[in-house]
Amino acid sequence: MTTRLADIAAQAGVSEATVSRVLNGKPGVAATTRQSVLAALDVLGYERPVRLRQRSAGLVGLITPELENPIFPALAQVIGQALTRQGYTPVLATQTPGGSTEDELTEMLVDRGVAGIIYVSGLHADTTADMQRYEQLRAQGVPFVLVDGFSPKVQAPFISPDDRAAMTLAVTHLVSLGHTRIGLALGPKRFVPVQRKIEGFVRAMQDQLGLSQESVESELVQHSLYTLEGGQAAATALIGRDCTAVVCASDMMALGAIRAARQLGLKVPTDVSVVGFDDSPLIAFTDPPLTTVRKPVPAMGQAAVRTLLEEIGGTPAPHSEFVFMPELVVRGSTASAPGDRHRP
């Protein structure tokens with residue numbers, strides 16, 4: 001016990017006497033100091049005494065797609081931390097190819113009596129999916145919030161990044177560098193974020209380069225999968241159509257685009273510029289560091305939790321879409337267009 005007290009005291013940066021007071025529930029310890037001691041217990045793997053454990057206000061389900069794309073764990077972490085701060089216990093349920101479906105995960109969470117559910121990039125983003133499943137959930141009295149994707153058929157709060165604005169940011173940046181042949185690599189067309197990115201991309205190419213909608217959509221837009229391999233395949237096709245820059249709908253696709261350029265004997269950014277989307281963790285440390293459009297993950301995650309807790313508390317948020325503005329982060333994967341090197 002003495003050894004344990006010493007360990008906790010050293011970790012928390014306080015005296016053993018202070019640790020003892022906290023563990024025994026004695027008064028006279030500042031709230032911040034008490035939190036430091038409890039955090040030290042958690043870090044060192046010691047269980048908190050029963051009387052000091054925070055009572056859970058309930059379970060909240062978080063359903064995400066696969067976790068291979070780092071943006072999903074990043075969002076899950078923000079949501080999980082925000083829920084924990086409010087006294088709720090997050091339950092992460094992940095879809096995997098060949099594994100549990102969204103409907104199965106929903107049923108499992110409802111059976112466990114969750115207070116509410118947050119869906120990230122779920123079937124609500126798929127224009128071909130039946131939205132009746134969400135109305136059935138509402139009829140069961142389970143509050144929910146939908147992140148990344150929008151459907152006018154579902155009466156619920158939606159949290160989204162501004163996908164159209166994201167494409168304007170990317171195109172504006174590349175046009176300023178002298179690029180006139182810019183391609184867009186993204187996922188299957190049935191998804192709402194994909195459709196919105198195409199709209200934003202087409203409009204930006206029309207406004208800034210005077211290109212027609214038909215020529216942009218037929219020559220400069222390439223659908224693939226939201227994976228590294230998907231980005232590689234899409235970029236290979238776009239570079240084959242003389243694109244000197246490729247905007248990708250995810251950072252994973254952008255890494256695939258860089259690989260595609262290299263396999264074609266081209267250098268990034270000297271011969272081909274690449275822009276990602278998300279600003280996933282560690283993406284600043286790739287080779288070259290990736291220029292990307294940063295998805296406002298902290299703001300979106302916190303808004304999702306705040307909105308859900310309002311629903312749980314009986315004051316439903318407006319059944320509308322909360323749209324968050326992304327920002328361009330310029331790093332090393334974009335440069336002046338080939339043949340336009342006089343530009344800074």
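Helices (H or I, at least four residues) and strands (E, at least two) are DSSP runs, numbered from the N terminus. This is a predicted model, in which local features need pLDDT of at least 70, side-chain atom pairs count only at pLDDT 80 or more, and totals for chains, interfaces and linings use all residues. Residues are numbered from 1 along each chain as its sequence is written, and side-chain values use heavy atoms, with hydrogens and water left out.

Figure 1. The C-alpha trace spans about 75 × 50 × 35 Å along its principal axes. Of the 344 residues, 48% are buried (under 20% relative accessible area, 1.4 Å probe, protein chains only). Among contacts (heavy atoms within 4.5 Å) with a separation of 6 or more, 69% join residues 24 or more positions apart.

**Figure 2. Helix 7, residues 163-176.** The 14 residues of helix 7 reach 20 Å from first C-alpha to last, close to the 20 Å expected (1.5 Å times one less than the number of residues). Buried positions in helix 7 include Ala 166, Met 167, Ala 170, Val 171 and Leu 174. An α-helix has 3.6 residues a turn, so residues three or four places apart point the same way. Asp 163 and His 173 are also buried.

**Figure 3. The two ends of helix 7.** At the start of helix 7, a side-chain oxygen of Asp 162 comes to within 3.3 Å of the backbone nitrogen of Arg 164. Just after helix 7, Gly 178 has a positive phi of about 95°.

Definitions and conventions:
Buried < 20%, exposed > 50% of the residue type's maximum accessible area, 1.4 Å probe, protein only. Polar contact = N/O pair within 3.5 Å; in protein donor to acceptor, adjacent residues only side chain to side chain.
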